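Subject: Structure for you to look at

Hello,

Here is the structure I said I would pass on. Please open it and keep it in view while you read the notes below.

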Amino acid sequence: MKTWSRICFIAVLSFVTVSVNAQTLIDYVWGQHNIAFTLPNDFKVVTNTGDEFTASGDGMEFGIFPFSDESVDHSNITAFTIAIAKSLELEQMDDVDVIELNGLKGAYVEGHKDGARLFVTGFIDPESATNFFSVISFANDDKEAVNETVRIVKSFRKKK
């Protein structure tokens with residue numbers, strides 16, 4: 001009986017630990033541009049205009065910006081995203097790759113500036129003239145922020 005009680009206690013403790021560490025997510029719809037994304041619940045909206053949507057959370061900053069440029073398509077979104085990263089004067093670019101996000105096509109650049117890690121994503125909506133880029137920044141050594149960044153980027157989608 002003592003062994004069974006110990007197993008139950010460990011199981012309950014494990015469940016509580018997982019529940020405490022689970023981050024609640026909030027869906028945001030940027031109605032001006034027919035796009036949606038998910039941010040952790042600790043993020044607070046800083047700016048929400050037609051030109052930008054920014055929010056900040058526990059040690060992280062997020063921004064998404066529209067742009068209209070018919071010359072940017074799936075064949076050159078990577079070059080465009082690299083150009084954005086260079087304009088931010090990153091000290092180092094660690095990773096560059098293409099991505100597909102729920103019907104959106106894009107690319108990302110991961111790099112460093114002033115002790116912070118920046119994740120720059122450029123993406124196009126093949127069915128619209130409006131395209132987007134986003135920038136997420138966080139402390140260089142924040143492992144949880146890396147996971148949150150991946151969840152945020154994977155959540156970009158057209159509003160239905």
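Start with helix α2, which spans residues 77–87 and has I77, T81, I84 and A85 buried. Looking down the axis of α2, these buried residues fall within an arc of 100°, so they line one face of the helix. A79, K86 and S87, on the other side of α2, are exposed. Bear in mind that this is a predicted model.

What do the buried residues of α2 pack against? They pack against four strands: β6 (92–101), β7 (104–113), β8 (116–124) and β9 (130–139). After α2 comes E89, which has a positive phi, near 55°.

Now the chain as a whole. It contains 3 helices and 10 strands, and their order along the sequence is α-β-β-β-β-β-α-β-β-β-β-α-β. The chain has 160 residues, and 38% of them count as buried.

In soluble globular proteins, nonpolar side chains tend to be buried together. Here the largest nonpolar core has 24 residues, and F37, L39, F53, F62, I64 and F156 have the most contacts inside it. Another core, of 14 residues, lies apart from the largest one and includes F67, V72, I124 and V135.

Which residues does F37 touch, leaving aside its neighbours within four places in sequence? F37 is in contact with I26, D27, Y28, W30, F53, F62, I64, S155, F156 and R157.

Regards

Definitions and conventions: Residues are numbered from 1 along each chain as its sequence is written. This is a predicted model: local features need pLDDT of at least 70, side-chain atom pairs count only at pLDDT 80 or more; totals for chains, interfaces and linings use all residues. Side-chain values use heavy atoms; hydrogens and water are left out. Helices (H or I, at least four residues) and strands (E, at least two) are DSSP runs, numbered from the N terminus. Buried means under 20% relative accessible area, exposed over 50%, partly exposed in between (1.4 Å probe, protein chains only). A nonpolar core is a set of buried Ala, Val, Leu, Ile, Met, Phe, Trp, Tyr and Cys residues joined through side-chain atoms within 4.5 Å. Contact means heavy atoms within 4.5 Å. The arc is that of the directions from the helix axis to the C-beta atoms.
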